[in-house]
Amino acid sequence: MASSTAPRHRAHGVPRTGLNDAALVAVRHLTGAGRRTVAAAGTSGLVVAVLGGSASAEAPISQGAAIDTQALTASARAAAITAPMVTVPVGATWSFATPAFTVVADPPPPPPVVEAPTAASSVAVGRYYAEGVPAPDTVAGNAVLEIASRYIGVPYVYGGGTPDGFDCSGFTSYVYAQLGISLPRSSSAQGSVGTVIPADQAQPGDLMWWSGHVAIYAGGNLQIDASQPGTTVQFREIHRSNPTFIRLT
C-alpha cells in the first residue's frame with residue numbers, strides 16, 4: 001500500500017568539511033580568551049578574521065587582521081588556526097639582562113732604560129747628560145774639561161755667567177776661574193790674554209777664540225762651549241774655521 005506522506009529530506013546547506021571543524025575550534029578558543037573570531041569557509045580556502053578588543057566579549061571591536069591561510073605553509077596554517085592570537089597584560093613590562101663586565105686599563109709602559117754614562121760616551125752632571133757629541137776620552141785627567149763637563153745641559157743665556165745660564169765668555173771665565181785663572185768678561189777681551197799657539201800644538205783645555213766667540217778646545221775636532229740662544233753647553237764639532245788657540249797659565 002502506498003504512503004501518502006511525502007518523504008522528508010535534510011535541508012540543503014553548506015557541506016561540512018575539516019575546515020569547518022577548524023574554524024569552530026578557532027571560534028571556541030578565541031571566545032574563551034575574551035576575543036571575537038569570525039571564521040568562514042570559502043571557495044578559495046579558509047579565512048580567519050581575528051578581531052581584537054577588550055577582554056570582555058561584549059566590548060566593541062577596536063581592531064582586526066585577516067589571515068589568508070591558503071597562502072600559509074601547513075605548519076603556519078595549523079598555528080594560525082589553533083593559536084591565532086597572543087595576549088599581553090596591559091601592565092606588562094619588559095627587560096633584558098646585561099652581562100657583568102669589568103674594564104681593566106692597560107698597564108703603564110715600563111720606564112726607558114738609561115745606560116750609565118761613561119767618559120767615552122757622555123758625562124753625567126747632576127741631572128744633565130751630554131745631548132750632542134759624546135764626551136771625548138780627553139776629559140778624563142784633564143782638569144779644564146772635567147770642570148767644563150759639569151755644566152753640560154746648562155742653557156745659553158745672553159750675559160749669563162753662572163750655572164743658571166751661560167753665554168760663551170761667561171762660560172769660559174767661570175770654568176777657568178775654578179782653576180785660579182782670571183779672564184776678562186767679554187769674548188773680545190779674552191782674545192788678548194795668554195799665549196797664542198799654532199793649531200798643531202793645541203792641547204785639550206786650551207782656549208779657542210774667534211771674533212765674537214770663545215770656546216774650550218776638547219781635542220781632535222771637538223770643542224765645548226755655550227754656543228748661541230736656544231742651545232745648551234755641549235761638546236760639539238768645531239763649527240767655525242780658523243780659530244786662534246790660546247794657552248792659559
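Is Asp167 buried or exposed? Asp167 counts as buried, with a relative accessibility of 9%. The close-ups below come from a predicted model, and a search through the whole structure turns up three salt bridges.

**View 1. Arg185 pairs up with Asp167 in a salt bridge.** The closest N and O atoms sit 3.2 Å apart. Both partners are loop residues: Arg185 is in the loop between helix 4 (168-177) and helix 5 (187-190), while Asp167 is in the loop between strand 5 (165-166) and helix 4. Arg185 is partly exposed, at 37% relative accessible area, whereas Asp167 is buried because its 9% falls under the 20% cut-off.

**View 2. Asp206 and Arg247 join their side chains in a salt bridge.** Here the N to O distance is 2.7 Å. Asp206 belongs to the loop between strand 6 (195-197) and strand 7 (207-210), and Arg247 to strand 11 (residues 244-247), so the contact ties together parts 41 residues apart in sequence. Asp206 counts as buried at 4% relative accessibility; Arg247 comes out partly exposed at 25%.

**View 3. Arg236 meets Asp225 in a strand-to-strand salt bridge.** N to O, the side chains are 2.7 Å apart. What about burial here? Arg236 and Asp225 are both buried.

Conventions:
Residues are numbered from 1 along each chain as its sequence is written. This is a predicted model: local features need pLDDT of at least 70, side-chain atom pairs count only at pLDDT 80 or more; totals for chains, interfaces and linings use all residues. Side-chain values use heavy atoms; hydrogens and water are left out. A salt bridge is a side-chain nitrogen of Lys or Arg within 4 Å of a carboxyl oxygen of Asp or Glu. Helices (H or I, at least four residues) and strands (E, at least two) are DSSP runs, numbered from the N terminus. Buried means under 20% relative accessible area, exposed over 50%, partly exposed in between (1.4 Å probe, protein chains only).
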